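Please look over the sequence and the structure below before reading on. The text then goes through some of the details.

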Amino acid sequence: MAISERYTLGHHESVLRTHSWRTVDNSAAYLVPYLVPGVRVLDVGSGPGTITLDIAERIAPGSVIGMDASADVCIQASTLARDSSVMNVDFVVGDAYSLDFPDDSFDIVHAHQVLQHVGDPVAVLREMRRVVKPGGIVAARDVVYGAASWYPLLPGLDTWMRVYQALARSNAGEPNAGRSLKAWAMEAGFTEVESAASIWCFSTDADRDWWGSAWADRAVESSFATQSIETGAATGAELEEISAAWREWVADDRGWYAMPHGEILARK
């Protein structure tokens, strides 16, 4: 069953729990040299806003706009900003294919884990390029799910990878987007593209619990579960197998998991 473009993970608590862990240091360190006081930044697909707020604090008195397709998530991010007393940030609902800003509006346009979820990442990058100022930076970071590695080698995690890859593509996404970022940026019209890579690694007891327990819940409670069954990517029994495997991985002191990411800094 083919499905048009939609967000694979949804906004279940188990998803936002992991997204809210993200900061500039653990998810956008490659961008730090450009986060200087006074710049204007657009954060595309800002989610619960933790990276966005971190950016805002670093570039004050500059300003940040966080944009997301979900109104509920924008409300949550706005509440976080208010509770954190971060005043130089606003969150708006928007469409990455049609950014509601004039040409040449921002010094930096940033997207973290966004391009893997869109059907036409080159079109989104072109739109990001449109709204960045001449000489400005478009920055993007996305995972390469197919290159993820873990121990112990649990069959249920192999099932998880197979199901995730199938479901993401059924939703018109590209789960290995990180390896294509440089090529997509060049196709979008950028001639000056710096490309690098970085890794998330979860091994401590706390990190395994945080990552693996969230995925154990996602596998049976989130949009990942309902969409997997709806599209035929997985059966209910396979989702239970995936959830149990993640809990087994969390409980194993030997547990280790690494997710490689591609990164680009593309200058207009």
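The paragraphs below treat strand pairing and then some backbone details.

This is a predicted model, in which local features need pLDDT of at least 70 and side-chain atom pairs count only at pLDDT 80 or more, while totals for chains, interfaces and linings use all residues. Residues are numbered from 1 along each chain as its sequence is written, and side-chain values use heavy atoms, with hydrogens and water left out.

Helices (H or I, at least four residues) and strands (E, at least two) are DSSP runs numbered from the N terminus. Strand 1 pairs in the parallel sense with strand 2, residues 63-68, over 5 bridges; two strands pair if DSSP finds at least two bridges between them. Within strand 2, Ser-63 stands opposite Arg-40. Strand 1 is also joined to strand 4, residues 106-112, by 4 bridges, and the two run parallel. There His-110 is the bridge partner of Asp-43.

Most residues other than glycine have a negative phi, and most peptide bonds are trans. A cis peptide bond joins Ala-60 and Pro-61, with omega about 10 degrees; Pro-61 sits in the loop between helix 3 and strand 2. Another cis bond, with omega about 0 degrees, joins Tyr-151 and Pro-152. Asp-104 has a positive phi, near 60 degrees, and is found in the loop between strand 3 and strand 4. Asp-104 counts as partly exposed because its relative accessibility is 36%.

Definitions and conventions:
Buried < 20%, exposed > 50% of the residue type's maximum accessible area, 1.4 Å probe, protein only.
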